[in-house]
Amino acid sequence: MHNRLNIGCHLSAADGYLHMGEEALRIDASTFQFFTRNPRGSKAKEINMDDIKALIRLMDTNHFAPILAHAPYTLNPCSADPRVRDFALMVMEDDFRIMEYLPDNYYNFHPGSHVGQGVEIGVDLIVDVLNRTIKPEIKTTVLLETMSGKGSEVGSKFEEIQTIISRVELSDKLGVCMDSCHLYSAGYDVVKDLDSVLDEFDHIVGLNRLKAFHLNDSMTPFASNKDRHEKIGKGTLGLDAIVRIIKHPKLQGIPFYLETPNEVEGYQEEIRILRTAFGEN
Ligand code: FE
Ligand code: FE
Ligand code: ZN
């Protein structure tokens, strides 16, 4: 195989954008994920144009795949509390503004938890936030992440993801980020029957919407509706199943992002293992 696997991991944004690009290069990654702000969702750091331009140059020179900005995971666009929803709206608006400095990359968010209001109301509220924040001029693709279904999470079923997408006016700016740990926990058997999972996704959502893939092993059994990431090959998915994901013909070209419980050196080792398994020399 002559293709290079597009793989990276979650990196800390604390030392700026260029630093993340340099870290990625150092560990043989060709992309990375980062939080736009700390998990509590406080104010994003001021934009340093020189830093961003330097990252874009590094990405061009080294043929990076799109990088993935991740919304704070505490964001909940379908909370029952209007203040929490307003906060989600404000953060997403501000994040989309920042993403304009990084055009043609991706922004990923968790659809949210309906906290007892029911999936239908949850979906209504998510659609409302997306319709109010996704403007015609934005150049980023906004990805909904497939969730494990813990608690009252929306987005653990492909049908829910599709309902949201179909009701957003500017839906051409929407895509999906799969997460292997979440899929398995949600009852999609990516270990025994990856083909069927991808076929089902294709029928309900459409594989053309799939833009990114979080690659994680899981600490918990199939269909557990838990969300506990494990190191690659150390969990209930196992290395073989994860290698089948990165090698699947329908997933070629999709960038993979590790969110395993690791420091940077652990990510470096997982990237090495996966590049070797993919057939790179
Ligand atoms: Fe996530
Ligand atoms: Fe994830
Ligand atoms: Zn997760």
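**Chatting through H114 and the rest of the fold**

Trainee: Quick one to start: does H114 count as buried or exposed?

Mentor: H114 counts as buried, at 12% relative accessibility. Buried here means under 20% relative accessible area, exposed means over 50%, and partly exposed is in between, using a 1.4 Å probe and protein chains only.

Trainee: What kind of model is it, and how are things numbered?

Mentor: It's a predicted model, where local features need pLDDT of at least 70 and side-chain atom pairs count only at pLDDT 80 or more, while totals for chains, interfaces and linings use all residues. Residues are numbered from 1 along each chain as its sequence is written, chains are lettered from A and ligands numbered from 1 in the order in which they are written, and side-chain values use heavy atoms, with hydrogens and water left out.

Trainee: OK, back to H114. Where is its place?

Mentor: H114 sits in the loop between β4 (106-109) and α4. Those labels are DSSP runs numbered from the N terminus: helices are H or I with at least four residues, strands are E with at least two.

Trainee: And which residues is H114 in contact with?

Mentor: Leaving aside neighbours within four places in sequence, H114 is in contact with C78, V119, G122, S152 and V154. Contact means heavy atoms within 4.5 Å. There's also S79, which is 35 residues from H114 in sequence and 5.7 Å away in space, C-alpha to C-alpha.

Trainee: Let's zoom out. How many helices and strands are in the protein?

Mentor: The protein has 9 helices and 10 strands. Its radius of gyration is 18 Å, close to the 19 Å the globule rule gives for 281 residues, so it is as compact as a globular protein of that length. That radius is taken over C-alpha atoms, and the rule is 2.2 Å times the number of residues to the power 0.38. Along its principal axes, the C-alpha trace spans about 50 × 45 × 30 Å.

Trainee: What share of the 281 residues counts as buried?

Mentor: 55% of them count as buried. The protein exposes about 12300 Å², with carbon and sulfur atoms supplying 50% of that. Those areas come from the Shrake-Rupley method with a 1.4 Å probe, and for residues only the protein chains shown count as cover. Also, among contacts between residues at least 6 apart in sequence, 76% join residues at least 24 apart.

Trainee: Switching to helices: at what angle do α8 and α9 cross?

Mentor: The axes of α8 (residues 238-247) and α9 (residues 264-278) cross at roughly 65° and come within 10 Å. Axes are lines fitted to C-alpha atoms, for helices over the stretch in contact, and angles run from 0 to 180 degrees between N-to-C directions.

Trainee: Which residues make the contact?

Mentor: From α8 it's L239, I242, V243, I246 and K247, and from α9 it's I273, L274, A277 and F278. By class that's 8 nonpolar, no polar and 1 charged residues. Ala, Val, Leu, Ile, Met, Phe, Trp, Tyr, Cys and Pro count as nonpolar, Asp, Glu, Lys and Arg as charged, and the others, Gly among them, as polar.

Trainee: Which residues are buried in α8, and what do they pack against?

Mentor: In α8, the buried ones are G238, A241, I242, V243, I245 and I246. They pack against several elements, including α6 (180-185), α7 (194-204), β7 (210-215) and α9.
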